[in-house]
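Please keep the sequence and the coordinates in view while reading.

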Amino acid sequence: MINLDERYSLEAHVADGGLAVPSSGASTDLRQRLAAGLQRLQGDRQQPDSMLGWIDQPTRTLDALADHQAVLRQAFPDVTDVVVLGIGGSALGMLAVHDAFKQHHETKPQLHVVDNVDPDVIQPLMDGLDPRHTVVNVVSKSGTTAETMAAYMLFEAWLHRHLGAEKGDRHIVVTTDPEAGILRPMAQSRGLITFDIPPSVGGRYSVLTPVGVVPSILMGYDVQGMAEGAASVNEDVAALGVDSLPARLALTHEMLRPLGLNMVVMMPYSSRLRRLSDWFVQLWAESLGKRLDRNGGIVHAGTTPIPASGTTDQHAQVQLFNEGPNDKWTVFIKLAEAAHHVVLPEPNDSLQDLAYLGGHRLQDLMNAEQLATAAALANNGRPSVTLTIERLTPATFGALLQTFMWQTALVGELMGIDAFDQPGVEMGKRYTYALMGRPGFESVRDELGLDGDA
Ligand code: PA5
């Protein structure tokens, strides 16, 4: 479903750099370490406390889909606006799904993802919505994150003000952990429609849980296709092991890292995949940027993900990628076919200098630009790999999601770190609670050392 072209990662094509062999020729030691990591992930995936629930989530989603659809369709037959309140892993996956499919689907509702506490976004949004036809889906795994809770307080009050408490509650959908947090008991006591985020799936790995599934159903997106595409990656990983696509991407990363390439550029050549880059950046950064290894040793591990978009960034960041510090490698994504078949017209007499473009498919220009960029980077000694999908469909999109989740988890295994926690993020959350006066966090305030500044 996804084709990997490693040509421009090889020293045969990369001037004064690149790899002597493709990922399939990685050293025995590296392949063995990867095989051990893969075995650990596969072996522990059923453990409830493993945080590996994302592996089997596509199948669980397929099993639950009809029930989820029935609940939502019955509750919301007539929706014009879906408001998702969430941040980080509780927002970026759905934003990526929406970006990929919004223009290509006959869909009535509008989606609004509130992933910041910016008054200049929230107030105009509430002012412009019709509460009678709006669903508010609050999404928080922990059920406590301050930004999401603040947005929820505002939207709940807005619904109650306009519709009354009882009717307003019928416009709320809660997506949260089955037990933890503030949202769950609130939802239970008021009988709100509620969906579970499995405890074994962390935020940034949760796009195929109700986190992304509920808004996708409300928007009319093809959840089944996405889940089936993701499940097919699991089958490939099971069948091919260290030769599967995610494993080969993880090997490439580990082979390029010793060459000083400690940044990964994610550069799809499709505007519909821009938000996939943002989702990838969060997945990678929060999973792999770690102070400690699994044994508690201080390692400050991580490589830096950079989002880019082709062709747009050819006229922006690509200058840096080509001639700046040689510390990056690029993952390109390209589509063999776009959804729309657009052919450039033959130019009129006054535009004969553009005759070379006439008659070509626009997608051919897009893909020529991608190849040109990969070749130019290689000529400047900067490696890349290219992932090609035939078309951007729910299945290929789901396959991309699952591929990158596997790749990230496998790189975490190779780095010897826990790719499923986020102590740095949690620290910021605790400090925010302390600054805002949340009971129980008084002593945390002392850690900040602000001496009464805030
Ligand atoms: O990936 C993660 O775990 C984080 O980015 C979380 O998704 C983010 O902090 C939001 O957390 P929560 O869903 O608990 O509100």
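Asp16 is placed in the loop between strand E1 (2-5) and helix H1 (28-44); helices (H or I, at least four residues) and strands (E, at least two) are DSSP runs, numbered from the N terminus. The model is a predicted one, in which local features need pLDDT of at least 70, side-chain atom pairs count only at pLDDT 80 or more, and totals for chains, interfaces and linings use all residues. Residues are numbered from 1 along each chain as its sequence is written, and side-chain values use heavy atoms, with hydrogens and water left out.

Although Asp16 is not a glycine, its phi is positive, at about 50°. Its relative accessible area is 85%, so Asp16 is exposed; the classes are buried (under 20% relative accessible area), exposed (over 50%) and partly exposed (in between), with a 1.4 Å probe and protein chains only. A positive phi, near 60°, also occurs at Met51, a residue other than glycine. Met51 belongs to the loop between H1 and helix H2 (53-75), and it is partly exposed because its relative accessible area is 22%.

A further backbone feature is the cis peptide bond between Gly310 and Thr311, with omega about 0°. Thr311 is part of the loop between strand E10 (304-307) and helix H12 (317-323).

Turning to the strands, E2 (residues 81-85) and E3 run parallel and are joined by 5 bridges; strands count as paired if DSSP finds at least two bridges between them. Within this pairing, Val82 stands opposite Leu111 in E3. Strand E3 (residues 110-114) is mostly covered, with 4 of its 5 residues buried.

Val342 lies in the loop between strand E11 (328-335) and helix H13 (362-379), and it counts as partly exposed because its relative accessibility is 39%.

The largest pocket holds about 580 Å³ of space. A pocket is an open set of points on a 1 Å grid over the protein atoms alone, with protein on both sides within 12 Å along at least five of seven lines, and lining residues have an atom within 4 Å of a point. The lining of the largest pocket has 29 residues, of which Ser142, Thr145, Gln422, Glu426 and Lys429 lie nearest its centre. H15 gives the most to this lining, with 6 residues.

Definitions and conventions:
1 Å grid on protein atoms, 1.4 Å probe; cavity = no way out; pocket = protein on both sides within 12 Å on 5 of 7 lines; lining within 4 Å. Points joined across faces, edges and corners; volume = space filled by probe spheres on them.
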